[in-house]
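Let us walk through the side-chain packing of this model.

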Amino acid sequence: SLSTFKHNLTYSSCFIFRNNNLHEQRLENEDLSKSSSDDEKSVKQDNIWQLFREAQQNILYLNNQRLGAIEELNKTNKEKQFLFHKIRKLEAEKKEGTDKLSTCSELLLRIDSMVLGSVITPAEASDFRSLVLNHKVSVVDVFNLVSHKSDSELLRELRHFSDQSKTRSFHIIHICTEMAPLVHRGSVASYVTGISRALQRKGHLVEVILPKYACLDLDQVQGLREVKGEAYSYFNGQLHGNKIWNGVVYGIGVTLIEPLNYSSFFNREMIYGYPDDFERFSYFCRASLDYIVKCGKQPDVLHLHNWETAIVGPLFWDIFFNKGLGGTRILLTCHDFNSQGIEQPNKLALCGLDPSNLHQHDRLQDNTNTQFVNILKGGVVYSNRVVIMSSIHPKYTIVRNLSHELEPTLNVHRDKLVVAPYGFEKSTWDPTRDYFLPENFNAENMNGKAVCKVALLQQLGLSEHSSSILIILMNTSEKQVVNQPLESLQEELKDDDNIKFVGAYDEALSHLLFAGSDIILCRSFLDPSDETPLKALRYGAAPIAVGMHTHINRVIPFDRNLMNHDQEATKYSKIINNTFGNISLGLAIDEIRSNPSM
């Protein structure tokens, strides 16, 4: 028993020992396994992070590729749009050429029918046929929509055109600071281009002289070249050289003057708004007159615009009248009286004028601050005719309420004042032949406007089923302007699907907006540089003023009886006063919905 016990004890001891060893080994194995597992986890985590980083790099690479592809696609689309508009323009020009022949043929046939109907004599018909054949270009512009006119109306226009064709043509030179589409900062630019084209269509010779600004869009000038030869002008006591550039814009001869010694005058970001504006523009005016005399030009009319070129008037009569320009007369157009060029009298000597001779109450002395000279006043005094631009107000209201201290001068020279309404180049903004539109339209057939509306919504990615859409233009000209309030509004309304903000200026989209809209919101009807109301009316949209001074009679005491009896009242002013002058946006929307055709 004892031996058995010993044996069992030994066995038990061995068992316990072995079990202890096994337990330690198991613990050691578990530690090794755990350490191995931790290492594997660490390796796996490192691998995962490595894969994540690679994936992130791939995503960034693909995103950059995508952005590059989008940019390339946008560039391609812009080029495609440019080519498309170019093709449309060429097609329109080709069609216009065909239309000209059609109009002439149609007019000749109507002359035949008037002879057969004993409306005119055969002799008069023969004269009219010769008139049409000899003036094909201008005939087309005068006699549009021949088929819609009665015999009496057409005959009246033919006789009027015949009388005009017998008068002699004029040579007109604009000395100005703006011209569309070369440089456009206000109402002067489109006015100069529009009136020049209109006068050329009537058979007159028109030229434009401009400073050669650094910001000019020279791509718009055909055949631009530097003129070889000497071109000196007087300034600040001595002669200075100028580079002269010539080219053609819309068929109008354009001359650009680039100062050599004073190159900084026009090599700036802005056109206006510098302390030395008088020096800049008086240099240009003197250089323009020196150039005209040097070339031996003898224009019938020198057409000046605003105070910036009004100094040409005193320069012409005091210095240049006896230099071969005895038959020339001066026409000044005042686009507004807000800026008049108030300067120290001694600065007049810079361009060769005599300050003591001109600083007098009946010449250039300012009516309020008598120690200064007023350049615009000098333009009025020294011009043969003064045109005041206003589509709303008659002469009496302008002189009395809007002339900014020039009332005494305008009253003295009242007989030379003429009020003319604003307009724009009708061949550029004409829905009947606008090559930017997918389909043209007119007052008799408005179907094209519906097509334009659909095209506008599609181009802007807007729903065709929305009850109303608001489109906001961030920039209304090619000059990009930072508009902080609009940018804040854009951020605030970015999630509204019925509001679309258009950032960059786009000429084609601008035309489509007028054609596809029912209502055009305007700042006011009184801003002369804002052609928006005129374009809206032409494209069948209601112009509604929503600016600070919405109603005309809030700004100026307006005498409707005076307006009704004033012969200078324009169609535009009557429409604005009788229809849109006091209409609210809500009322306009109601009218659009209840009576859209009207």
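**Rings, cores and cysteines**

The structure holds 20 aromatic pairs. The model is a predicted one. A pair of aromatic rings is described by the distance of the centres and the angle of the planes.

Start with W429 and F514. Their ring centres are 5.5 Å apart, and their planes meet at 80°. An angle over 60 degrees counts as edge-to-face, so this pair is edge-to-face. Where do the two residues sit? W429 is in the loop between β12 (417-420) and α13 (447-459), while F514 belongs to helix α15 (residues 507-516). The pair therefore ties together parts that are 85 residues apart in sequence. Both W429 and F514 are buried.

A further edge-to-face pair joins F441 and Y539. Here the centres are 6.5 Å apart, with 80° between the planes. F441 lies in the loop between β12 and α13. Y539 lies in the loop between α16 (532-538) and β16 (542-545). The pair links distant parts of the chain, 98 residues apart. Are these two residues buried or exposed? Buried means under 20% relative accessible area. F441 has 4%, so F441 is buried. Y539 has 0%, so Y539 is buried as well.

Rings also gather in a group. Y213, F235, Y262, F265, F266, Y272, F281, Y283 and W307 form one aromatic cluster.

Charges meet rings too. R197 lies over the face of Y250, at 4.3 Å from the ring centre. The charged end of K212 sits over the ring of W245, 4.9 Å from the centre of that ring.

Now turn to the nonpolar packing. In soluble globular proteins, nonpolar side chains tend to be buried together. The largest nonpolar core in this model has 70 residues. Those with the most contacts inside this core are M179, L302, I311, L348 and I375. Which helix gives the core its largest share? Helix α6 (residues 277-294) does, with 9 residues.

Leaving aside residues up to four places away in sequence, M179 touches A189, V192, T193, V208, L210, V249, I252 and V254.

How many disulfides does the structure hold? The count is 0. C452 has a relative accessible area of 0%, so C452 is buried. C522 is buried too, with a relative accessible area of 2%.

Technical notes. Residues are numbered from 1 along each chain as its sequence is written. Side-chain values use heavy atoms; hydrogens and water are left out. A disulfide is a pair of cysteine sulfur atoms within 2.5 Å. Buried means under 20% relative accessible area, exposed over 50%, partly exposed in between (1.4 Å probe, protein chains only). A nonpolar core is a set of buried Ala, Val, Leu, Ile, Met, Phe, Trp, Tyr and Cys residues joined through side-chain atoms within 4.5 Å. Helices (H or I, at least four residues) and strands (E, at least two) are DSSP runs, numbered from the N terminus. Contact means heavy atoms within 4.5 Å. Rings of Phe, Tyr and Trp (its six-membered ring) pair if their centres lie within 6.5 Å; planes under 30 degrees apart count as stacked, over 60 as edge-to-face and the rest as tilted. A charge sits over a ring if NZ of Lys or CZ of Arg is within 6 Å of the ring centre and within 35 degrees of the ring normal.
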